[in-house]
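Thanks for coming. I will take a few minutes to go through one model, so please have a look at it on the screen.

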Amino acid sequence: MNSMMIIGQYVPGNSLVHRLDPRMKITIIFLFVIVVFFANNLASYSILTAFAIITTFITRIPLRFILKGLTPIWFLIVFTFVLHLIVTKEGTVLVEILGFKIYSGALIQGLAISLRFFLLILITSLLTLTTTPIEITDAIEDMLHGLKKIKFPVHELALMMSISLRFIPTLLQETDKISKAQASRGVDFRTGPIKERIKAIVPLLVPLFVSAFKRAEELAMAMEARGYQGGEGRTKLRQLKIKSSDLIVLLFFLAIVVGLFLTRSY
Amino acid sequence: MREKFIEFRNVSFRYGEEQPWVLENVSFEIYKDEWVAIIGHNGSGKSTIAKLMNGLLYPQQGEIIINGIQVTAETVWDVRKQVGMVFQNPDNQFVGTTVQDDVAFGMENRGVPREEMVRRIEEVLKAVRMEDYLLTEPHRLSGGQKQRIAIASVLAIKPQVLILDEATAMLDPRGRKEIMQTVSEIQERNEISLITITHDLQEVVQAERVIVMNKGHVWDEATPREVFAKKDELREIGLDVPFVAILADELKRNNMRLSNEPLNHEELLEELWTLHSKM
C-alpha cells in the first residue's frame with residue numbers, strides 16, 4: 001500500500017505542462033476560467049476546445065486518469081443539458097416528445113453550457129494532475145506574498161498546508177494500524193447495519209485523534225529545537241523560477257485569448 | 001584540562017508548583033568533543049536534562065551555562081544554534097515533505113543562503129549514508145533511516161553538541177545498530193560533543209563517560225567499565241544489566257580470573273581464549 005500511495009491526483013510525468021512553473025499554471029487557469037464565459041459562437045468555442053484538448057494531449061496523462069477525475073461531474077453536465085432542453089424556448093421546434101416541445105435554441109444553448117462546464121473542469125483538473133501538492137502550496141505562498149502587508153499569515157498558511165501534506169500518509173498508516181488493532185479486539189467495521197458500522201468508527205477515531213494531538217505537540221517541540229521562529233528572516237530551499245518556456249506558453253495562451261475576442265460575436 | 005562546554009550548576013526543576021522535583025540540585029560538566037552517556041530508568045530525569053540544555057524548559061533553581069552563555073529566554077536562540085537535538089519518535093520530528101526539505105528546515109530557519117544549503121545537504125546526507133534518498137518522502141523510509149535523516153538535519157546547522165534523547169528507543173535492533181554506528185562515525189570525524197540519553201546500558205559502551213541518573217539526582221559519574229562493574233547497584237535502581245556483564249560476573253564467581261570488566265561479546269571472548277595462557 002505504501003509504495004503506491006499518491007497524495008491527491010498527481011500523475012508523475014515530465015511533459016511541458018508538468019515542468020511549467022506552478023504559478024504560471026494557476027495564472028493561466030484563472031484567466032481561462034474567466035475567458036470561457038466570453039465564448040459565444042461556434043468559432044470561439046472551437047478555439048477554447050482545441051486549446052483544452054491539445055493541452056490535455058501534451059500532458060501525456062493516460063485518458064483513464066482524466067476521465068476518472070471527471071466522473072463526479074458527468075451527472076451535472078448531463079443535468080444542465082437536459083434542464084436547458086426543457087426550459088429554454090427559443091428558435092424553431094425540432095421535435096415533440098410526449099407533449100414536450102424541444103426547440104433548436106435550447107439544443108444549442110444546452111450544448112454550449114455543458115461544453116463550458118466540461119472545459120472548466122477539464123482544465124482545472126489538469127492542474128492537480130500535473131502539479132504536486134507541494135508545488136501548488138509553494139505557488140500559493142508566492143502569489144499571496146503581497147497579502148503579508150495586511151498581516152495575512154501567508155507563511156503560516158503555507159507551512160500548515162505542507163505539514164498536513166507530509167502527515168497524510170503517516171496518519172493513513174496509523175488509521176490502518178488502529179483499525180487492525182481494534183478488529184483484533186472484535187470491532188466489526190465491515191458487516192452489519194449502517195448504524196452499527198458508524199458506531200464502530202468511534203473506537204477508531206478516538207485513538208487517532210489522541211495520537212494526532214500528541215504528534216502535533218512533539219512536532220512543535222522538534223521544530224522549536226531546530227530553531228523555528230516563524231517566517232521572519234527565513235530562507236527557502238525550494239525556489240520557483242520563471243523560465244523562458246513559461247513566458248512562451250503565456251504568450252501562446254494570450255494569443256488564444258486575443259483570437260477568442262476576435263472571433264466572438266458582439 | 002579540557003574546555004568546559006556545558007555546565008549544570010545546582011539545577012533543580014519541576015513541571016509545576018505542586019509537582020515533585022524532577023531534578024534536584026544536579027551539577028555536572030560536559031567538555032568539548034566529549035562523548036557522554038546519560039543513563040537512567042524512566043522518570044529519573046534524564047530527558048528533562050536534554051530539554052533544559054536546549055532551552056525547551058528552564059530550571060526553577062540553579063544555572064545552566066552553555067559555551068559561556070547562561071540559558072535564559074533571551075539567549076535561547078543563540079543556545080539552539082550550538083545545541084542540536086534528536087528526539088525519540090522518528091515520525092514526529094520529520095517536518096519536510098521530502099528528505100532534502102527536512103534537512104533544509106533547520107537551515108531555512110537560520111537564514112542560510114540557498115547555495116550553501118544545497119552544498120550542506122549533500123555533505124550531511126553523505127555523513128549519515130543517505131545520499132541516495134534526497135527526494136524520498138518520509139513514509140517510504142524505515143524508522144532507522146528517518147532517525148539518520150534527523151541526525152543529518154541537526155548536523156547541517158553545525159552545532160557544537162549533538163544530543164540524542166532516546167533516539168534509538170523506538171527502533172528495531174537493526175535500526176538501533178545503524179544509528180549507533182552512524183553516531184560513532186560522526187564522533188570520530190567531526191569535532192562535536194555528543195550526549196546520548198538512554199535507558200539501555202548496552203548503548204553506553206562506546207561513550208567516554210557515563211552519568212547515571214536516579215530519582216532526579218546524579219547517582220554516579222564514571223567510565224562505562226566502572227559503571228558496568230556495579231551490577232547489583234544498577235539493578236537496584238531499575239536498569240537492565242547486559243548479558244555479557246552478567247556472564248562475566250558468573251564466571252568470576254566460579255574462579256575464572258578475568259582481568260578486565262568486559263563491555264561486549266568480543267572483549268569477553270578475548271578474555272576467555274587467552275585465559276589459559278595467562279594462568
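Before I talk about domains, a word on where they come from: the bounds are taken from an automatic or database domain assignment. What you see is a predicted model, in which local features need pLDDT of at least 70, side-chain atom pairs count only at pLDDT 80 or more, and totals for chains, interfaces and linings use all residues. Residues are numbered from 1 along each chain as its sequence is written, while chains are lettered from A and ligands numbered from 1 in the order in which they are written.

Chain A splits into domain 1, made of 16–131 + 241–263, and domain 2, which covers 151–225. The C-alpha centres of these two domains of chain A are 38 Å apart.

On confidence, pLDDT is the predictor's own score for each residue, from 0 to 100. The mean for chain A is 88, and 97% of its residues reach at least 70. Helices (H or I, at least four residues) and strands (E, at least two) are DSSP runs, numbered from the N terminus. Within chain A, helix 2 (residues 22–36) has the highest confidence, at 94, and strand 1 (residues 93–97) the lowest, at a mean of 82. Residues 1–5 of chain A fall below 50, and that stretch has three contacts in the model beyond near neighbours in sequence. A contact here means that the C-beta atoms of two residues, placed from the backbone, lie within 7 Å.

Now the interface. How many residues does each chain put into the contact? Chain A gives 27 and chain B gives 31. On the chain A side, helix 7 (154–184) and helix 8 (194–225) are the elements that give two or more residues. Helix 8 of chain A has the largest share, eight residues.

Chain B also has two domains, domain 1 (4–229) and domain 2 (242–279). Their C-alpha centres lie 33 Å apart. Seven residues of domain 1 of chain B are in contact with five of domain 2 of chain B.

Last, the sheet in chain B. Strands count as paired if DSSP finds at least two bridges between them. Six strands form an open sheet in the order 6-7-8-3-9-10, with mixed pairing. Which strands are at the edges? Strand 6 (83–86) and strand 10 (217–222) of chain B, each pairing on one side only. Strand 7 (residues 161–165) and strand 8 (residues 193–198) of chain B run parallel and are joined by five bridges. There, B:Val161 sits opposite B:Ser193 of strand 8.
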